[in-house]
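Hi,

Here is the structure I promised to pass on to you.

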Amino acid sequence: MKTILFILLQFLAFHLSAQIEISGTIFSENNEPVTGANIFIQGSYNGTTSDSLGYFSFGTDLTGDQTLIASFIGYKTQAVQLHISKNIQNLKIILQDDVSELNEVVINAGTFEASDKKKSVLLKPLDIALTAGANGDVFGAFGTLPGTQKVGEEGRLFVRGGDAYETKTFMDGMLVNSPYYSQMPDLPTQGRFSPLLFNGSVFSTGGYSAEFGQALSSIVALNTTALEPETKSNISVLTVGLQGSHAHRWDNTSLAITGELLHTGLSNRLFPQNIDWIKEPIISGSTLLFRHKTSETGMIKSFGSFNYNTSTLLYDNFEESKFQNLALTNNNVYLNTTYNEMLGEKWMVNTGVSVNTDNDKIVLENEPINTLKKSGQVKTVFTNFTTEKITTKFGADWVGYDYLQKVNIGGNYKFGFTNQQLSSFVESEIKINHILAVRAGLRAEYSSLIQQSNWMPRLSAAIKTGKNSQLSTAFGKFCQNPEEDYLKFNDNLQPEKSTHSILTWQYKKGTKSFRFEAYYKKYSDLIKYDEENSAAPENYNNSGSGYSHGIDVFWRNRKEFGKSDYWISYSWIDTKRNYLDFPVEATPYFVSAHNLSLVYKRFFTGIQSFASVTYSFASGRPYYNPNNPKFMSDRTRCYNDISIGLTHLMYLFNTQTVLHLIVNNMFGFNNIFGYTYSNTPDETGIYPRQAVTPATKRMAVFLISFQF
Amino acid sequence: MKTLITIFLSFLFLISNAQENQYEQAMNKALKNLNRAKTGDDFLNAANTFERISLNEKNEWLPVYYAAFSYIVITYALPDNSQKDTYLEKAQNFLDKAFKIEPDESELYALQAFLYPAGITVDPIARGAEYMGKMNKALEKAIKLNPNNPRSYYLRAITTLNMPQQFGGGATAAKPIFEQAKEKFDKFQPATAISPNWGKAQNEEELKKLLANE
């Protein structure tokens, strides 16, 4: 018996030691040796790592049909079938680049995305927060990108010849009806939300996904941050008020609240404004963010924002040559809740609800205008990943909108309407191979007020033109219901329509990126009328039309930390339209043919400071001059602005402290946005005019912030 | 007959024993290589070995733990920042696998806390605050799960030391944490021969440097 055991043991020992040698070399597609690749026989410990010449050699005790695996970061894992009976030498294994990891083709015509996660993007979320001249406003920062217009007296985004209302804002996929603060005449407004709320954003200047609708020109899609990283608080003292926040983090849940109280009283003393404030602006606001991770892949996000602001000024009504007491009070509440979860491995669901009430109370010389807008949205989107190459999204949303305006000017009037907007979409993105991708989508919308359905196809594609470059194109139809100022008088109107055609070439290598985009946009069914604010419904119709075409160029060199980082964007545009009360086709007041932005940022590690400078240039804008028989043929002088932002980090009173200074129009360029003409000519028959200028030549805000 | 059964059983025992030993042997050998590793290539070699073991031992968290550990260490040797993220992604993938196998292991949270700061240098402005927050959260959890895991304290000490004074870092702030870590290291006994047991020497060295500079 002992002998048998002995033999068995011997057999085992023999089995373990009878090693067969497998050797070879690993190359990349370019025939260069790959160092550090992992080579092994599937299902065993037998294997090794390739050396600096790509050479490998290892012993195995396995015989017969086996699979040899070779893998390395940045390459596709390669499997080789081997029949092992004796030593195998001089194997040559070629690893293919994993395009999904390095330079995947990305459909991006018309799109600027800021993200920490994706590698193909040209912007990072913090680029948005730290751009000088943007005043910490998401929309202000996007205004330094090509395709946008500098319209200093508005503060909103004007995209590719489109009016401000043609851009819509979405938060976590949900519509935000009033993303900007309410505006006083000729004074710029700004976005309600801090850029620090978002960890990713998409700014589309056209040709965007079928998931989004009711925007003729552009969308801004903001994604809020996930769980707060840790429990912390922050208090900031500004020359214009106070801000504070507290975030609390539990294991799978976080809650953050912020509050602010802003008053420009002090700042207006330091930098006098050419405005007669009767009551200087007060802004108070609060936001609430709740996040709960429901599972490994599921997340509930709730967002709430509450805003109140009020101001009164003496309005210089040059047209009617009188001063008027104008008071504005706005109350805004916006709430949304979204839920995302994977349904198995192949499906994802994104669903959400939102509600918004926005109440503007304007009192002009004791005559009140009260506007109340209420809206609600329910939206669900399913995404399917059944095959690796095809991603299909489809979904539906409902938006209910109620508008009521009460005017008490020479009598009591009420204007209002209710609309239910139903939309659904389907869109597939197909990766045909690693150099070509196509996306096709269709959106359908129905409005209960207009009683009309519209079908909008969207198509886009991208093809690699080299290892670091790609060509991308997009085409789509878009429509948007007429603005409430017309719908409130007449619901017998059609949606306004536009079509976009875009061609983009992008090059990105290392820190450098270059983008060139050409587009053509056609408008139809724009609102036209003879007389503004006429309550006669027959005054409004859809006979307006227009076009815009141009080129956008973007260059960025984003060097490593501590070195300079800059981008240059330039846009040329030619656009004309015949809409509103235009007698002929003309370029609207908000368009300048040439727009240039130069943004420079640098972190000085030695002194823990961050500096950012933005130079903006825009060629002259058209304005209406009643003395000139040719409509809108005058141009203002060019616009110039150099703004800076300085940030210094320090440790003060045992807490982390940030000092921050922004100065807008540091060199005090005299910018003119346009002219207001009197309604009545003077004795020589000439209509006198007054320039529309910024409220203050230079503006500076200083902030000290403590974090604990 | 009895003898035959005995032989058969002992043969089975031998095989299963050999297999169990195979795992431990392979781990021991790989750990020896890891402990000797100096260059990025050495660590890559170690990472590859642990990856091979992990593919055969899907219920063991240690092979993926060490593979993740090796990949994190490699990023400190990378000449080019642009590659860091791909290596850290790979490390995170291994770590995620480990979390699936052993969700309440203090060492995994400590390793997660080791991973976050490695990515900060790629984009300190954008990531600094966020990643430090995530790291603190992971350390809290690691300490909660095992207050005697010395690596949690060592990692807290070393990041505090490397953080600028402006953010509450520096030698004075770090020293008491290094001392606390030393206490924990002195008492620490790894559960098995292949359980995580690194950091003691580095901790002593940092403490020595701090004392010399005083």
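Below are my notes on domains, cores, salt bridges and a surface patch.

First, the conventions. This is a predicted model, in which local features need pLDDT of at least 70 and side-chain atom pairs count only at pLDDT 80 or more, while totals for chains, interfaces and linings use all residues. Residues are numbered from 1 along each chain as its sequence is written, chains are lettered from A and ligands numbered from 1 in the order in which they are written, and side-chain values use heavy atoms, without hydrogens and water.

Chain A splits into domain 1 (20-98) and domain 2 (125-707), with bounds from an automatic or database domain assignment. Taken over C-alpha atoms, the centres of these two domains are 54 Å apart.

On to the cores (buried Ala, Val, Leu, Ile, Met, Phe, Trp, Tyr and Cys residues joined through side-chain atoms within 4.5 Å; buried is under 20% relative accessible area, exposed over 50%, partly exposed in between, with a 1.4 Å probe and protein chains only). The largest nonpolar core has 85 residues, and A:Ile22, A:Ile26, B:Phe50, B:Tyr71 and B:Leu111 have the most contacts inside it. Helix 3 (residues 61-77) of chain B gives the most to this core, 12 residues; helices (H or I, at least four residues) and strands (E, at least two) are DSSP runs numbered from the N terminus. Another core, of 31 residues, lies apart from it and includes A:Leu122 and A:Phe554.

A search of the whole structure gives 30 salt bridges over all chains (a side-chain nitrogen of Lys or Arg within 4 Å of a carboxyl oxygen of Asp or Glu). In one of them, A:Asp251 pairs with B:Lys141, with the closest N and O atoms 3.4 Å apart. A:Asp251 sits in the loop between strand 14 (241-249) and strand 15 of chain A and B:Lys141 in helix 6 (residues 124-145) of chain B, so this pair joins two chains. A:Glu517 and A:Arg515 form another, at 3.0 Å between the closest N and O atoms. A:Glu517 is buried at 2% relative accessibility, and A:Arg515 is buried at 3%.

Finally, a nonpolar surface patch with about 700 Å² of accessible area together includes A:Trp250, A:Phe290 and A:Val355. Patch residues have over 30% relative accessible area and no salt bridge, with like charges joined within 9 Å and nonpolar side chains (Val, Leu, Ile, Met, Phe, Trp, Tyr) within 5 Å; areas come from the Shrake-Rupley method with a 1.4 Å probe, and for residues only the protein chains shown count as cover.

Best wishes
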